[in-house]
Amino acid sequence: AGSEFGEPCGGDVETPCADGLECYTGYCEEKCQTDGDCQAIDGYRHECDFGLCHITCDEKTLECPQSLATPLECGIDWCAASS
């Protein structure tokens, strides 16, 4: 049980993530060892960094994908749940 990849977690939601996922900046993200462990997200880099996948903001527009269950916005380099 728990939220799946891209679904909200933690904070006000008080929802844990499903096995193999970890709550990262408000949404469930995949644990990884290599970039290949991160599922592809059309038009965005999704890469492994220190054991957790991160969605990289678009370099030109600083946009994030809006195809997940959690609305995302650009943090410093990586996408995070909109507050």
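Tutor: Glu59 has a relative accessibility of 66% and counts as exposed. This is a predicted model, where local features need pLDDT of at least 70, side-chain atom pairs count only at pLDDT 80 or more, and totals for chains, interfaces and linings use all residues. Residues are numbered from 1 along each chain as its sequence is written, and side-chain values use heavy atoms, leaving out hydrogens and water.

Student: Why is Glu59 called exposed?

Tutor: Exposed means over 50% relative accessible area, buried under 20%, and partly exposed in between (1.4 Å probe, protein chains only). Glu59 has 66%, so it counts as exposed.

Student: What makes Arg45 partly exposed?

Tutor: Its relative accessibility is 42%, so Arg45 falls in the in-between class. Glu47, at 22%, is partly exposed too.

Student: How do you know that Arg45 forms a salt bridge with Glu59?

Tutor: A salt bridge needs a side-chain nitrogen of Lys or Arg within 4 Å of a carboxyl oxygen of Asp or Glu. The closest N and O atoms of Arg45 and Glu59 are 3.1 Å apart, so the pair qualifies. Arg45 sits in the loop between strands E2 (27-30) and E3 (46-49). Glu59 sits in the loop between strands E4 (52-55) and E5 (72-74), 14 residues apart from Arg45. Strands here are DSSP runs (E, at least two residues), numbered from the N terminus.

Student: What makes Arg45, Glu47 and Glu59 a network?

Tutor: Arg45 also meets Glu47 in a salt bridge, at 3.2 Å from N to O. Salt bridges link these three residues. The whole structure has 2 salt bridges.

Methods
Helices (H or I, at least four residues) and strands (E, at least two) are DSSP runs, numbered from the N terminus.
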